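Dear colleague,

Please find below the structure that I am passing on to you.

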Amino acid sequence: MVLQPRYVTWIKTAAFFACLIPLARLAWLGVHNRLGANPIEYITHSSGWWTLAFLLITLSVTPLRRLLNQPWLLRLRRMFGLFAFFYACLHFTTYVWLDQFFDWPEIVKDVGKRPFITVGFSAFVLLIPLAATSTNAMVKRLGGRRWQILHRLVYAIAALGVLHFWWLVKKDITEPFIFASLLALVLIIRLLYLLKQQRSASPPSAARSQVA
Amino acid sequence: MLIRRPTGIKPSEITSQSLYRGRREFIRAAAVLGTAGGLAAASLLTPRDARSATKFADLKKGPFNTDEPLTAFESITTYNNYYEFGTDKEDPSANAGKLKTRPWTVKVEGEVKKPRTFDIEDLLKLAPLEERIYRMRCVEGWSMVIPWVGYPLSDLIKRVEPTGNAKFLEFYTLLDPEQMPGQKQPILDWPYVEGLRMDEAMHPLTLLSVGLYGRPLPNQNGAPVRMVVPWKYGFKSAKSIVRIRFTSQQPKVSWELSAPNEYGFYSNVNPTVDHPRWSQAKERRIGEFRKRETLMFNGYGDQVAGLYAGMDLKKFF
């Protein structure tokens with residue numbers, strides 16, 4: 001099935017607004033004083049949760065595109081990735097501003113001393129070059145091959161993000177476990193496709209360019 | 001995490017602090033009159049608030065009360081940790097409805113001359129109830145100011161006459177996964193067990209609590225009877241207690257068993273000893289925006305520092 005380009009544009013527009021729902025929800029809860037007894041913690045957890053969710057959504061695009069044979073899905077991937085970065089910025093800003101209130105010595109100490117903050121901060125820093133090189137112009141400038149190698153960092157970022165969540169919770173690891181399982185799933189699907197392509201007769205260069 | 005929308009009480013249903021104070025004054029006056037009519041009038045005057053009927057009538061003001069602003073009733077009752085009802089802060093208020101707090105007994109046993117099983121109604125009358133306004137510091141880095149109702153645990157301890165071997169106390173929370181759905185998950189080794197050293201348990205700050213904000217404890221806050229040990233992190237104060245055992249050995253307590261490198265037996269509030277995963281130097285008082293400095297022994301150092309003289313608190317954290 002091939003979707004007409006105008007349908008893809010509509011879907012993309014609808015997806016853009018859907019991606020803003022978690023932010024709109026936080027704003028609505030805030031205005032109506034429904035963020036609970038500890039609003040800063042609520043915003044921190046919610047923005048962090050959605051960062052991980054968008055990272056996983058981004059990483060699901062390629063497996064879904066292949067399994068469902070819907071090539072147009074690829075056109076949503078950059079937007080999902082940028083929303084992951086957007087919610088990561090919200091998460092980081094909440095921590096620096098609302099939680100620590102720009103107490104830089106304390107923040108530096110936190111990042112260096114607390115493993116869960118170290119990995120979370122690393123993941124955030126690694127996201128920056130990916131967001132910065134997300135434009136078509138940057139893809140051209142880097143060249144497709146180098147761009148692709150750089151953007152494989154997203155696997156490490158997602159793993160660090162899940163670890164950040166895992167190490168944060170006090171005892172009940174149910175949710176981090178779900179995120180870890182989903183991440184493992186999308187990575188395993190990629191691996192299976194890679195093995196399949198290596199076994200098939202297609203030339204290696206073509207197989208490589210399929211892995212994204 | 002924390003995606004659930006807070007359920008429960010609407011802001012319009014919350015007793016404001018001024019109304020609360022006013023009502024306390026009124027009930028005090030009613031108690032002075034000492035007539036059933038007076039109390040009936042009190043409940044008639046606030047017909048919207050069904051809980052007022054069960055308010056404690058004659059609380060005396062306890063010693064050690066802080067004059068800091070009280071944390072809102074809604075916050076105290078909808079944001080807390082009580083893993084027996086789930087691990088999110090909103091879970092206890094959402095899931096504690098099934099807990100039956102009557103009939104209820106507390107078995108007191110072990111190294112005592114007069115072991116006894118107390119009915120909750122007898123426990124309520126064992127000593128005069130006081131209002132104790134204490135700071136509460138959670139190990140997670142947030143804090144509240146809570147007007148508890150209760151009496152010193154020492155009043156109970158004296159009744160059962162500990163033997164010379166009694167060096168520690170163990171507190172057991174109810175074990176019943178039907179009433180406490182969180183116990184269906186092996187998050188901790190149920191039942192929840194906490195413990196105190198004998199001198200900590202006898203300390204006049206250590207409270208056996210049966211209420212807050214002038215009324216019986218809501219289920220989610222540890223009804224019908226719980227401990228309050230204000231200079232220790234909140235988890236040291238066992239909730240919904242069914243058994244107290246006096247022992248000669250230091251008890252193995254739930255959080256210490258679960259993660260010995262993170263939670264020690266003493267767990268005194270200490271801004272200089274960090275949790276392995278986060279700093280304990282500061283805390284967020286619920287309702288406040290900026291964090292505040294955490295005080296040694298949660299600000300009760302004048303009263304309790306002597307209990308730990310000569311101890312290395314970095315080792316005995």
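Phe64(B) sits in the loop between strand 1 (60-61) and helix 3 (73-78) of chain B; helices (H or I, at least four residues) and strands (E, at least two) are DSSP runs, numbered from the N terminus. Although Phe64(B) is not a glycine, its phi is positive, about 70°. With 15 C-beta neighbours inside 10 Å, Phe64(B) counts as partly exposed. The terms are set as follows: a residue is buried if 20 or more other C-beta atoms lie within 10 Å of its own, exposed if 12 or fewer, and partly exposed in between, with C-beta atoms placed from the backbone.

Please note that this is a predicted model, in which local features need pLDDT of at least 70 and side-chain atom pairs count only at pLDDT 80 or more, while totals for chains, interfaces and linings use all residues. Residues are numbered from 1 along each chain as its sequence is written, and chains are lettered from A and ligands numbered from 1 in the order in which they are written.

Ser267(B) is another residue other than glycine with a positive phi, near 50°. Its place is the loop between helix 8 (254-258) and strand 12 (282-285) of chain B. Ser267(B) has 22 C-beta neighbours inside 10 Å and therefore counts as buried.

Chain B also contains cis peptide bonds. One joins Arg102(B) and Pro103(B), with omega about -10°; Pro103(B) lies in the loop between helix 4 (91-95) and strand 2 (105-110) of chain B. Another joins Ala223(B) and Pro224(B), with omega about 0°, and Pro224(B) belongs to the loop between strand 9 (215-216) and strand 10 (226-228) of chain B.

Turning to chain A, one finds eleven helices and zero strands. The radius of gyration of chain A (taken over C-alpha atoms) is 19 Å, close to the 17 Å that the globule rule (2.2 Å times the number of residues to the power 0.38) gives for 212 residues, so chain A is as compact as a globular protein of that length. Of these 212 residues, 25% count as buried.

The axes of helix 3 (residues 39-67) and helix 9 (residues 153-168) of chain A come within 10 Å and cross at roughly 145°; axes are lines fitted to C-alpha atoms, for helices over the stretch in contact, and angles run from 0 to 180 degrees between N-to-C directions. Among the residues that meet here are Leu52(A) and Leu55(A) of helix 3 and Ile157(A) and Val162(A) of helix 9; two residues are in contact if their C-beta atoms, placed from the backbone, lie within 7 Å. By class, this contact has nine nonpolar, three polar and no charged residues. Ala, Val, Leu, Ile, Met, Phe, Trp, Tyr, Cys and Pro count as nonpolar, Asp, Glu, Lys and Arg as charged, and the others, Gly among them, as polar.

The axes of helix 9 and helix 10 (residues 174-199) of chain A come within 9 Å and cross at roughly 165°. That makes helix 9 of chain A roughly antiparallel (an angle over 145 degrees) to helix 10 of chain A. The residues that meet include Phe165(A) and Trp166(A) of helix 9 and Phe179(A) and Leu183(A) of helix 10. This contact has eleven nonpolar, no polar and no charged residues.

Finally, the contact between the chains takes 18 residues from chain A and 21 residues from chain B. Helix 3 of chain A gives the most to the side of chain A that touches chain B, with five residues.

With kind regards

Definitions and conventions
Angles under 35 degrees count as roughly parallel, over 145 as roughly antiparallel, 65 to 115 as roughly perpendicular and the rest as oblique.
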